[in-house]
Amino acid sequence: MYVRDAKNREEVWLLDAIEAMELDETAFRSRDYVVAVDETSGEKAGFGRIRVHKRDDGASTDTDSGRAGGHADDVCELTSIGVLESWRGQGVGAHVVERLVEYAGDQGFETVYSLTGEGSYLAQFGFRRIEESALPEPLQKRLEDKREGVDPDAVPLEIDVDEFQLPERLREAFKRAPDGRDEASDDDSPEDFGIDPESATYKYDTGR
């Protein structure tokens, strides 16, 4: 099992998974995501992204890429973390989070924020809850939007990049995955490329 950058042809899979899990797909771009993959079978197990908010006269906008780097006033948010049900409990989500925090640090961010109702999950890595008033301005409106949309229980969390810790039990679980699983085919299907085989049209309009 390993975590890598998402590929353009995985947009359909990501959109399907995001929809099924009722996650936030704001400003969707496959290149913003990472994907956890079993190296033996090619089966995709989980995903996530970091979203960079640029401050412009108090407004928040996405950069062209979630990992394009930012300026000193930019804000980095961890969001849209998902693990397929059959892969849960095997450290997949933990390693997705680890990779994204590493990317944030590589791009010069000292702090990563997350707005989620799953605070207890992120707490095991060192994320801590903060007051809403302590959120950078772009994320205050973002928190309101999440509570009104996909995550009514969302609360603000933050972590200093150099304080991230991955529990050893999750590291070992990830190494062992996929214990006891049947091999899955890694052959590409038409839908992997966004093609509906019955009508030979694109299943999603991704704005390209």
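Predicted model: local features only at pLDDT ≥ 70, side-chain atom pairs only at ≥ 80, totals over all residues.
Reader: How much space lies in the largest pocket?

Author: The largest pocket holds about 730 Å³ of space. It is lined by 32 residues, and the closest to its centre are Leu23, Ile81, Gly82, Thr116 and Glu118.

Reader: Which elements supply at least two residues each to the lining?

Author: They are strand 5 (75–83), helix 2 (92–106), strand 6 (111–116), helix 3 (119–123) and helix 5 (168–176). Strand 5 gives the most, with 6 residues.

Reader: Let's stay with strand 5. How do you know that it is mostly covered?

Author: Of its 9 residues, 8 are buried. Ser80, which lies in strand 5, shows how the test works: its relative accessible area is 6%, and the cut-off for buried is under 20%, so Ser80 is buried.

Reader: Where is Glu22 found, and is it buried or exposed?

Author: Glu22 is in the loop between helix 1 (11–20) and strand 2. Its relative accessibility is 62%, and exposed means over 50%, so Glu22 counts as exposed. Glu22 also has a positive phi of about 55° without being a glycine.

Reader: Why are strand 5 and strand 6 called a pair?

Author: Pairing needs at least two bridges.

Reader: In which sense do strand 6 and strand 8 pair?

Author: Strand 6 and strand 8 pair in the antiparallel sense, over 6 bridges. Thr111, for example, stands opposite Asp160 in strand 8. Strand 7 is also joined to strand 8, by 2 bridges and again antiparallel; there Arg129 has Leu157 as its bridge partner. Strand 8 itself is mostly covered, with 5 of its 6 residues buried.

Reader: What about the aromatic rings: how many pairs are there?

Author: There are 4 aromatic pairs. One of them joins Tyr33 and Phe47, with 6.4 Å centre to centre and 55° between the planes.

Reader: Why is the pair of Tyr33 and Phe47 called tilted?

Author: The centres must lie within 6.5 Å, and 6.4 Å passes, so the two rings form a pair. Tyr33 is in strand 2 (residues 33–37) and Phe47 in strand 3 (residues 44–56), so the pair ties together parts 14 residues apart in sequence. Tyr33 is buried at 0% relative accessibility, and Phe47 is buried at 0% as well.

Reader: What makes the pair of Phe125 and Phe164 stacked?

Author: The centres of Phe125 and Phe164 are 5.4 Å apart, with 20° between the planes. That angle is under 30 degrees, so this pair counts as stacked. Phe125 lies in the loop between helix 3 and strand 7 (128–129), and Phe164 in the loop between strand 8 (155–160) and helix 5, so parts 39 residues apart in sequence are tied together. Both Phe125 and Phe164 are buried.

Reader: Which residues form one aromatic cluster?

Author: The cluster is formed by Trp13, Tyr33 and Phe47.

Reader: How do you know that Lys44 lies over the face of Trp13?

Author: Lys44 is 5.5 Å from the ring centre of Trp13. The distance limit is within 6 Å, so Lys44 meets it.

Reader: Lastly, why does Pro138 count as buried?

Author: Its relative accessibility is 5%, and buried means under 20%, so Pro138 counts as buried. Pro138 is in helix 4 (residues 137–148). Pro138 and His53 are 85 residues apart in sequence, yet 6.7 Å apart in space, C-alpha to C-alpha.

Notes. Residues numbered from 1 in each chain as written. Heavy atoms only, no water. 1 Å grid on protein atoms, 1.4 Å probe; cavity = no way out; pocket = protein on both sides within 12 Å on 5 of 7 lines; lining within 4 Å. Points joined across faces, edges and corners; volume = space filled by probe spheres on them. Helix = DSSP H or I, 4+ residues; strand = E, 2+ residues; numbered from the N terminus. Buried < 20%, exposed > 50% of the residue type's maximum accessible area, 1.4 Å probe, protein only. Phe/Tyr/Trp six-rings, centres within 6.5 Å; stacked < 30°, edge-to-face > 60°. Lys NZ or Arg CZ within 6 Å of the ring centre and 35° of its normal.
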